[in-house]
Amino acid sequence: MTAILKHANEIVSRCRILASYSEEPEFLTRTFLSSPMRAVHADVGNWMKQAGMSVRIDNAGNIRGCYAGTSCSAAPLIIGSHLDTVPHAGAFDGPLGVLLGIGLVEMLGGRRLKFPMHVIGFSEEEGVRFGVPFIGSRALTGDVDNDLLARMDSKGVSVEQAIREFGLDPARIGEDSVAAGRYLELHIEQGPVLESLDLPLGVVETIVGQSRLGVRFCGQANHAGTTPMNLRRDALAGAAEWMQAVEHKARATADLVATVGQIEAKPGAGNVIPGEVSLTLDVRHGSDATRRENVVAFLDCARQIATRRGLNVSFEKRLDQPSVSMDGALTDGLARAVEDCDHPVHRMNSGAGHDAMIMARRMPAAMLFLRSPGGISHYPDEAVFVEDVAAALAVGAKFVNFLEAGGE
Ligand code: GLV
Ligand code: MN
Ligand code: MN
């Protein structure tokens, strides 16, 4: 086995080790600042230190490794991705990018570059615990506000409290922002495109925008045996009708994706008509105008269904994240690195959100995708080919050398 394949193998093993740190015994579920994140920080911190980096946990719970450069004035190259997961996740969505970042520092073998290399494991990208994503990267761009700190999880714990309970200081999050630098994220594609083209790597041009909302239908809980069908105000039946309408409209609109991923009916018994239903809605499209028009249409549709069924419906807008283009020059540099490593350059958009879309607010950002076997992600079967990890290491090393030579 070549040295780079061995290195790639080690990175995949490390992803598997991190995947064992979970809130659930049978599955990988690791949300923002949950207790298994401490074990993740311990391992990632050790690997960073072994690579020659200084390590700290910032006040948003991001783990930050710094490999010093030789020039005092040079802005860092930041390589990052996230360490939180969706419920019942795979091992590679997020952690692979962090471990590849450490791997690229290891490949320097002690050599110092002019610029510092920072590797960041973001504490939160998925939006699972608090319903809004990107808490980690928003701390770096200085975009954590009081509204975000006050958000509650399902147990009534606020973001601010979660940060305190982890031993960090939410009042000092402002000190964690970065003013300048360049950002690179390496991530699995999480879709079937690269595999269908038989390609190991893709260069991301644009990350599509996304809307996330909470939706609540309220009717009247009542006895399932005594209440005739025409005298019910069944919140779940109304929500189900709306979900079908959302799917129908999304299927009829080119490139639109809309997902109800979470639903809770209350009081939640087989012999009680549901009086209250809470759902989430996730809507994405490459065009922000199309995405927003469709969100408005989905909400109008919910109001019409609610009125006809004697229900109330309310909405909570949690995210309206516009689509973000990666930096042209940095992306061209990444494409050149792919080409120089003898891989075809495939430029593509990302339907998944990434920390890169937040970091791009403050600095040039670029992203490299690795093929996802079977196109599967956000599921335990998520995988990666060791050969593709080796290819990403080679491309990443070439890209770092371009930057060092001032040629991106
Ligand atoms: C993050 O994985 C997303 O939902 O796009
Ligand atoms: Mn994800
Ligand atoms: Mn991810």
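Mentor: Helix 2 covers residues 36–50, which makes 15 residues. At 1.5 Å a residue they should span 21 Å, and the end C-alpha atoms lie 22 Å apart, so the two values agree. Keep in mind that this is a predicted model.

Now the burial. The buried residues of helix 2 are Pro36, Met37, Val40, His41, Asp43, Val44, Gly45, Trp47 and Met48. Buried here means under 20% relative accessible area. An α-helix has 3.6 residues a turn, so residues three or four places apart point the same way. Read the list with that spacing in mind: Pro36, Val40, Val44 and Met48 are among the buried residues.

What covers them? Among the covering elements are two helices, helix 1 (3–18) and helix 3 (95–107). Strand 1 (54–57), strand 2 (63–67) and strand 4 (117–122) are also included.

Then the end of the helix.

Asp198 is not a glycine, yet has a positive phi of about 60°. Asp198 sits in the loop between helix 7 (193–197) and strand 6 (201–207). Asp198 is exposed, at 60% relative accessible area. His378, also not a glycine, has a positive phi of about 55°. The loop between strand 16 (365–370) and helix 12 (386–404) holds His378. His378 is partly exposed, at 40%.

Last, the peptide bond between Lys266 and Pro267 is cis, with omega about 5°. Pro267 lies in the loop between strand 10 (263–266) and strand 11 (272–273).

How values were computed:
Residues numbered from 1 in each chain as written. Chains lettered and ligands numbered in written order. Predicted model: local features only at pLDDT ≥ 70, side-chain atom pairs only at ≥ 80, totals over all residues. Heavy atoms only, no water. Helix = DSSP H or I, 4+ residues; strand = E, 2+ residues; numbered from the N terminus. Buried < 20%, exposed > 50% of the residue type's maximum accessible area, 1.4 Å probe, protein only. Expected span 1.5 Å × (residues − 1). Contact = heavy atoms within 4.5 Å.
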